[in-house]
Amino acid sequence: MNGLPDKDAGPVTAGPSNTVLLVVSESENISKRIESHLRNTGYPVRANWVSSLEALEQALNQSTPQLLICSEGMNAAPLKEVVNLSTRLCPQLPILSLAARYTAEGTLDALAIGARDQVSCEDARHLRHLQMVCLRELASHHTVRALETARIRLNDYETRQKQLLAGSTDAVAHAQEGILCDANPAFATLL
């Protein structure tokens, strides 16, 4: 069990039902091909297309996609610059490198630049690989965002608890495994 759906399994969503992919490529046809394949296999996605760094910056400032796919070899938006811009504007956004054909060397180069993986949409087998990688990255991104939300809420609860303890006129102490960990001023005066 690797966490991915079986080939014969029905559609499974990797996150919210309104998943947005941002595709950086010279042709909108690539974006439409990826969106069409994922929709035909049962994954509700919307792919937005941009063709330059300026358009990418504007798109990232307007909304936050769940996944970014960047075509390799573009003069208007080189992969390294796309990764740098995306890291600055959306630090946790997963980025995939889209090549005509993926290779081990190309994958290593893409990983070294900061992409999460290299994919291709050349034929049905490559599209299936792209689908599995997208699902993996979308699930990972969704988990990271949920974890970040939980961390923020935990910090908020801890802050509120400390304020409540400090402001209480009742003597309150927090003991853990027989060790006094925290006490408010009212408890301290009793000692």
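Reader: Hi! What kind of model is this, and how are the residues numbered?

Author: Hello! This is a predicted model, in which local features need pLDDT of at least 70, side-chain atom pairs count only at pLDDT 80 or more, and totals for chains, interfaces and linings use all residues. Residues are numbered from 1 along each chain as its sequence is written, and side-chain values use heavy atoms, with hydrogens and water left out.

Reader: Great. What is the order of the strands in the open sheet?

Author: The open sheet has 5 strands in the order β2-β1-β3-β4-β5, with parallel pairing. Strands (E, at least two residues) and helices (H or I, at least four) are DSSP runs, numbered from the N terminus. Two strands pair if DSSP finds at least two bridges between them.

Reader: Which strands stand at the edges?

Author: Those are β2 and β5, and each has a single partner strand, so one side of each is left without a neighbour in the sheet. From one strand to the next, the twist averages 30°. Angles here run from 0 to 180 degrees between N-to-C directions, with axes as lines fitted to C-alpha atoms, for helices over the stretch in contact.

Reader: And β1, how many of its residues are buried?

Author: In β1 (residues 19-24), 6 of the 6 residues are buried, so the strand is largely enclosed by the rest of the structure. Buried means under 20% relative accessible area, exposed over 50%, and partly exposed in between (1.4 Å probe, protein chains only).

Reader: Which way do the residues of β1 point?

Author: Thr19, Leu21 and Val23 point one way, Val20, Leu22 and Val24 the other way, and all are buried. In a regular strand, side chains alternate between the two faces of the sheet.

Reader: How many bridges are there between β1 and β2?

Author: β1 pairs with β2 (residues 45-50) in the parallel sense over 6 bridges. Leucine 22 has asparagine 48 as its bridge partner in β2, and valine 23 has tryptophan 49.

Reader: What about serine 25, is it buried or exposed?

Author: Serine 25 sits in the loop between β1 and α1. With 0% relative accessibility, serine 25 counts as buried. Not counting residues up to four places away in sequence, serine 25 touches Ile30, Trp49, Val50, Ser51, Ser71 and Met74; contact means heavy atoms within 4.5 Å.

Reader: Let's switch to helices. How do α1 and α5 pack?

Author: Helix α1 (residues 28-40) packs against helix α5 (residues 124-167) at an angle of about 75°, with the axes 10 Å apart. The two helices are therefore roughly perpendicular to each other. For such labels, angles under 35 degrees count as roughly parallel, over 145 as roughly antiparallel, 65 to 115 as roughly perpendicular and the rest as oblique.

Reader: Which residues make that contact?

Author: On α1 they are Arg33, Ile34, His37 and Leu38, and on α5 they are Leu127, Arg128, Leu130 and Gln131. They divide into 4 nonpolar, 2 polar and 2 charged. In that count, Ala, Val, Leu, Ile, Met, Phe, Trp, Tyr, Cys and Pro are nonpolar, Asp, Glu, Lys and Arg charged, and the others, Gly among them, polar.

Reader: Now α4. Which of its residues are buried?

Author: In helix α4 (residues 104-113) the buried ones are Gly106, Thr107 and Ala110. They cover an arc of only 100° around the axis, which puts them on the same side of α4. That arc is taken from the directions from the helix axis to the C-beta atoms.

Reader: What do those buried residues pack against?

Author: They pack against α3 (79-89), β4 (95-98) and β5 (117-119). The face turned away from the buried side carries the exposed residues Ala104, Glu105, Leu108, Asp109 and Ala112.

Reader: Last one: where is glutamate 177?

Author: Glutamate 177 lies in the loop between β6 (173-176) and β7 (179-183). At 76% relative accessibility, glutamate 177 counts as exposed. Its phi is near 55°, a positive value in a residue other than glycine.
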